[in-house]
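Please read each numbered point with the structure in view.

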Amino acid sequence: PEAFVATLRQVLAEAEPALPVYDILPIEERVARLLSQDAVVAQLTTVFSGISLLLAGLGLYGTISYGVNQRVAELGLRIALGADRRQVLWLVMREAIVLVAIGSVAGLSLAYLAARGLGTVLYGVGPADPFAYGTGAALLLSVGLAAAYLPALRASRIEPMRALAGG
């Protein structure tokens with residue numbers, strides 16, 4: 001292609017001397033240049049999405065951990081009255097699942113509305129792609145469960161006598 005460019009310039013100069021000829025590229029290189037910007041945007045979107053997922057997980061962890069710390073006496077009383085440690089773990093996890101489910105429903109609804117407006121810039125994904133929504137919801141649920149597990153595990157290991165004594 002490089003050898004052809006010189007010939008093409010010469011032929012065009014002879015045919016129409018006033019015609020400016022610049023930026024003659026093979027189609028592969030032109031397409032690569034056009035897609036490189038989209039690739040950078042996709043990579044940045046992936047990085048920022050990962051950061052936001054991490055922040056959401058940390059926020060949920062902090063919220064549930066705070067809730068467990070506020071309920072130490074109640075959870076200690078439950079254990080003292082015979083609640084199994086698995087029951088206390090499941091109690092805290094169930095509350096986290098409800099929070100994540102409510103957030104997922106709200107988030108999926110807003111994502112659908114936003115995708116309808118951004119349908120022209122979505123490549124290879126429709127605005128109502130069930131796989132994309134299902135994958136996103138499953139990922140958020142996984143992160144939510146992972147974030148809730150440590151506070152729930154800590155809640156299940158509360159010593160009843162120390163919790164009821166206030167220390």
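1. Helices are DSSP runs of H or I with at least four residues, and they are numbered from the N terminus. Residues are numbered from 1 along each chain as its sequence is written, and side-chain values use heavy atoms, with hydrogens and water left out. The model is predicted, so local features need pLDDT of at least 70 and side-chain atom pairs count only at pLDDT 80 or more, whereas totals for chains, interfaces and linings use all residues.

2. Salt bridges. Side chains of opposite charge can pair when their charged atoms come close. A salt bridge here is a side-chain nitrogen of Lys or Arg within 4 Å of a carboxyl oxygen of Asp or Glu. The whole structure contains 5 salt bridges by this search.

3. A pair within one helix. Arginine 33 and glutamate 29 form a salt bridge, and their closest N and O atoms are 3.4 Å apart. About one helical turn separates arginine 33 from glutamate 29, because they are 4 residues apart in helix 2. For accessibility, buried means under 20% relative accessible area, exposed means over 50%, and partly exposed lies in between (1.4 Å probe, protein chains only). Arginine 33 is partly exposed at 47%, and glutamate 29 is partly exposed at 36%.

4. A pair that ties separate parts together. Arginine 71 and glutamate 95 meet through their side chains in a salt bridge of 2.6 Å, N to O. Arginine 71 is in the loop between helix 2 and helix 3 (72-80) while glutamate 95 is in helix 4, so this pair ties together parts that are 24 residues apart in sequence. Glutamate 95 has 35% relative accessibility and counts as partly exposed.

5. The side chains of arginine 86 and aspartate 84 form a salt bridge with an N to O distance of 3.0 Å. Arginine 86 is exposed at 64% relative accessibility, whereas aspartate 84 is partly exposed at 33%.

6. Serine 156. A polar atom of the serine 156 side chain lies 2.7 Å from the backbone oxygen of leucine 153. Taking contact as heavy atoms within 4.5 Å, and leaving aside residues up to four places away in sequence, serine 156 touches Ile79, Arg85, Val88 and Leu89.

7. Arginine 94. This residue belongs to helix 4 (residues 85-117). Arginine 94 is partly exposed, with a relative accessible area of 38%. The C-alpha atom of arginine 94 is 9.5 Å from that of alanine 148, although the two residues are 54 residues apart along the chain.

8. The second largest pocket. On a 1 Å grid over the protein atoms alone, a pocket is an open set of points where a 1.4 Å probe fits, with protein on both sides within 12 Å along at least five of seven lines; lining residues have an atom within 4 Å of a point. The residues lining the second largest pocket include Ala56, Leu99, Ser104 and Val143. Helix 2 (27-70), helix 4 and helix 5 each give two or more residues to this lining, and helix 4 gives the most, with 4 residues.

Conventions:
A polar contact is a pair of N or O atoms within 3.5 Å; within protein, one must be able to donate a hydrogen and the other to accept it, and residues adjacent in sequence count only if both atoms are side-chain atoms.
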